[in-house]
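Me: Hey, could you walk me through this protein structure with a few questions and answers?

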Amino acid sequence: MVQALSERVPDVRKIAVLRANALGDFIFILPAMEALRATYPNAEIVLLGKQWHFDFLQERPGPIDRVVVVPAYGGVSELPEYVGDANEHDRFFTTMMRERFDLALQVHGGGRYSNPFLARLGAKTTVGLKTPDAIVLDRWMPYIYFQHEVLRYKEVVSLVGATSGSIEPRLAIIERDRVEAENALAGLEKPLVVLHPGASERKRCWPSERFAAVGDALAEAGAQVIVTGVQGEEPLVEGVVSAMQAEALNYCNRLSLSGFAGLLSRCAVVVSNDTGPLHLAAAVGAATVGLYGCFNFINAGPFTRLRHRGLIAWQTTCPVCGIDNRDSCEHDGAALAGIATKDVTEAAITLFQAR
């Protein structure tokens with residue numbers, strides 16, 4: 001039976017939040033963290049995350065007070081099959097029990113691996129998501145795949161009375177973001193647009209030549225086009241740059257995450273596949289054109305349309321091998337091929353001209 005309690009928990013001094021995964025995943029929990037902060041204004045909120053969270057959130061205003069880096073742990077910070085160091089795990093959980101958390105929240109998936117992890121923190125009250133194969137927490141709701149990720153985590157924190165705040169993720173830009181971005185952009189005078197042709201899964205990637213066509217249209221409209229990517233995406237980024245008729249700048253792997261956030265905050269428009277940089281761009285104030293498979297749009301699409309457009313490929317199976325598009329296959333770009341170049345171009349130009 002679903003745990004239906006939603007009252008505020010009394011006498012909360014310290015809250016642990018487990019979310020040790022990727023950039024977009026972190027952006028999705030920000031509205032829930034704001035609601036948690038508003039409901040428990042005097043509590044310390046501690047994110048149990050990865051090293052990149054620790055580095056990126058240093059001195060950054062927001063609802064999270066502190067980051068604790070979790071050890072390599074199968075199904076939480078690593079793939080499920082990963083075998084970690086049991087002694088290291090024991091030391092970590094001993095340290096966490098000394099923190100004496102009043103609340104521990106699991107916003108890290110269905111709970112098969114993360115709920116036992118959460119239980120070992122020794123918190124007075126545990127809260128989170130649960131699939132049928134996960135252990136029960138003190139307060140929980142079912143993990144059902146088709147739910148927008150932002151609303152999923154807002155609903156989790158509502159189990160402890162945290163119901164206030166926006167549904168739009170927001171992230172503060174700080175001085176080190178601005179300085180690194182300004183140094184990288186020195187001498188550029190035209191309005192900036194970013195094309196981000198990569199994604200964590202190649203099947204989520206719209207074809208490179210279509211990104212190039214959108215880039216040429218934006219350049220003709222007066223934009224300075226910058227193509228970005230992370231380590232390992234160099235060939236993909238170079239493919240877009242070389243396919244464009246107009247000049248575009250290759251910024252693949254040139255900036256830290258901090259500097260990248262600064263760059264995105266200065267953009268008139270960001271055109272991207274459904275991946276972390278798209279959601280980061282929206283959170284720091286850029287207008288976005290996002291390219292989604294229909295399943296992913298349900299879980300991660302934009303809520304509003306003044307600054308954001310979501311273009312959807314309605315293909316539910318891979319057109320090459322027939323596999324369900326929720327699963328992985330090796331046919332890059334096939335899942336998003338149904339999104340027309342003219343529709344992306346129109347959305348990008350409309351937002352660019354409205355900047």
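Me: Let's begin with helix H9: which of its residues are buried?
Reply: Quick background: this is a predicted model, where local features need pLDDT of at least 70, side-chain atom pairs count only at pLDDT 80 or more, and totals for chains, interfaces and linings use all residues. Residues are numbered from 1 along each chain as its sequence is written, and side-chain values use heavy atoms, leaving out hydrogens and water. Buried means under 20% relative accessible area, exposed over 50%, and partly exposed in between (1.4 Å probe, protein chains only). By that rule, the buried residues of H9 are Ser 258, Gly 259, Phe 260, Ala 261, Gly 262, Leu 263 and Leu 264.

Me: And how many of the nine residues of H9 are buried?
Reply: Helices (H or I, at least four residues) and strands (E, at least two) are DSSP runs, numbered from the N terminus. H9 spans residues 257-265 and is mostly covered. The number of buried residues is seven.

Me: What do the buried residues of H9 pack against?
Reply: Packing here is about contact, meaning heavy atoms within 4.5 Å. The partners of H9's buried residues are helix H2 (51-57), helix H6 (175-184), E7, strand E8 (224-227), E10 and helix H10 (276-283).

Me: How many residues of strand E10 are buried?
Reply: E10 covers residues 267-273 and is mostly covered. The buried count is seven of its seven residues.

Me: Which residue in E10 stands opposite Val 194?
Reply: Two strands pair if DSSP finds at least two bridges between them. Strand E7 (residues 192-196) and E10 have five bridges and pair in the parallel sense. Opposite Val 194 stands Val 270.

Me: Which residue in E11 is the bridge partner of Ser 272?
Reply: E10 also runs parallel to strand E11 (residues 287-293), joined by five bridges. The partner of Ser 272 is Gly 290.

Me: Which residue in E6 is the bridge partner of Lys 130?
Reply: Strand E5 (residues 125-130) pairs with E6 in the parallel sense over four bridges. For Lys 130, the partner in E6 is Pro 142.

Me: Where is Ile 298, and what is its relative accessible area?
Reply: Ile 298 is found in helix H11 (residues 294-300). It's partly exposed, and its relative accessible area is 43%.
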